[in-house]
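Dear colleague,

Please find the structure below, followed by a summary of what was found in it.

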Amino acid sequence: MEKRANFSSKLGIVLASAGSAVGLGNVWRFPTEVGTGGGAAFILIYILCVVLIGMPLMVAEFVIGRHTHKNPADAYRQLAPRSGWIAQGYLGVFTAWFILCYYGVVAGWTMKYLVEALTTRLDDVSDSAAYFSAFSGATWEPLIYLVIVMLMCHFIIIRGVQAGIERSSKLMMPLLLLIIAVLVVFSFSMPGSSEGLKFLLKPDFSKLSSSVVLSAMGQAFFSLSIAMGCLCTYASYFTDDARLMKTACSVASIDTVVAVMAGFILFPAVFSVEAVTPDAGPGLVFITLPHVFRIAFGSVPIIGWFFSVMFYLLLLLAALTSMVSIHEPPTAFLLEHFKLSRPVATTIVTVISIGMGILCSLSFGPLADVKPLFGLTFFDFFDFVSAKVFLPVGGIIVSLFVGWRLDKQIVVDQLTNRGSLHVPASVISVFIFLLRWLIPIAMISIFIKELGIL
Ligand code: TRP
């Protein structure tokens, strides 16, 4: 049998997993949630969610992946043969595929904005909102960018675990962290930026409500790439000496620091131009920010140019490393389950993703009125089904599976690297308790809230 691929170093493991976690979710979703959720009060709740829910679930996925050294679908089949749990493995593989389709569309937009910023064309736009809707609603241009980013992801995945995923993460993640640091300094030095900082740091506990707490939980989930088989697949390539709990701490810390830094970049910059709460979602990075850059451009052009190029490069890097992690689970599944070669498996995933991505992209233009399912466009449907339905369901299943069903000895072996590491018994008990009780209950509440049942 062919030897299974693995990451070559602990640094590679942390950077690849952090690459999966740090994505569009950190750069635009987090700052907007902070804005609407009461500034620092939201950040505090978010950190609690990361520590109590996100990290244990991440470790749970690591345990499954590294114990079996298999793709998610075959991992569950090995651990719980002929049982309903196998569905979770398939759910991970296919939801990852769904996420890839619409994530690729947005990654394509960031590439377009990077090109426009580089060539200074962003500067000539007088109405950012109209410009964005004309671009995203067009037929061909967004498709070209979608195909370009999908192909970039394709050529990373096709090279395999070490030469593809690990090498690209070792290159892109340090660059990403460097850009963040530079942008924070830039943003702080803009006149009037302190208003934005105040807005971000002032804890407004009056805005805290159960729905804000649930949003923080949902955000922690999406941002840490949990429950979709991404981390489980990466963990199947971990070496035996990797420390699962320590890796989860490092990844969660990097992810949270990047999210908070993104807030430190966006709010001071936006407030230095006008004291408004930025638009939510795509509006923030594709409409409000170009406006901010243009104003900055007016006074000192080179700074505006530099800031915008760096910002969209940051967004593209973040999106790409996440896309790679979403591409790998279905690829690993096809490769191992159907014994395909890596190039064939990668190509199948890329071609189908581009096909479905085209439907998502066109739903901002020619297919805007085509709402085949639940009255949603293709883009909204993929987003809704994966992020709002399968994600929480997956989280509940992973926590119940590792908490209740998985042999406790496997958990202990994985956490202690078969006894060679000392992990206090109390830490393991708390870990199991969180998976058995707190996480399923918390997740069921997110689910009910997100579906609007409550
Ligand atoms: N975590 C990434 C972000 O913040 C997105 C992502 C990658 C993801 N893999 C995932 C989200 C798996 C959910 C599940 O943008």
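**Salt bridges**

The structure holds nine salt bridges, each being a side-chain nitrogen of Lys or Arg within 4 Å of a carboxyl oxygen of Asp or Glu. In one of them, the side chains of arginine 4 and glutamate 336 meet at 2.8 Å, N to O. This pair links distant parts of the chain, with arginine 4 in the segment before H1 and glutamate 336 in helix H14, 332 residues apart. Helices are DSSP runs (H or I, at least four residues) numbered from the N terminus.

This is a predicted model, in which local features need pLDDT of at least 70 and side-chain atom pairs count only at pLDDT 80 or more, while totals for chains, interfaces and linings use all residues. Residues are numbered from 1 along each chain as its sequence is written, and side-chain values use heavy atoms, with hydrogens and water left out.

**The ligand**

The ligand is surrounded by 18 residues (a heavy atom within 4 Å); the closest are Ala21, Gly25, Tyr103, Phe222 and Ser225. By class, this shell has ten nonpolar, eight polar and no charged residues, with Gly counted as polar.

An oxygen atom of the ligand is 3.1 Å from a polar backbone atom of leucine 24, and for glycine 25 the corresponding distance to a ligand oxygen atom is 2.8 Å.

The protein covers 100% of the 360 Å² of accessible area that the ligand has on its own (Shrake-Rupley method, 1.4 Å probe).

With kind regards

Definitions and conventions:
A polar contact is a pair of N or O atoms within 3.5 Å; within protein, one must be able to donate a hydrogen and the other to accept it, and residues adjacent in sequence count only if both atoms are side-chain atoms. Helices (H or I, at least four residues) and strands (E, at least two) are DSSP runs, numbered from the N terminus.
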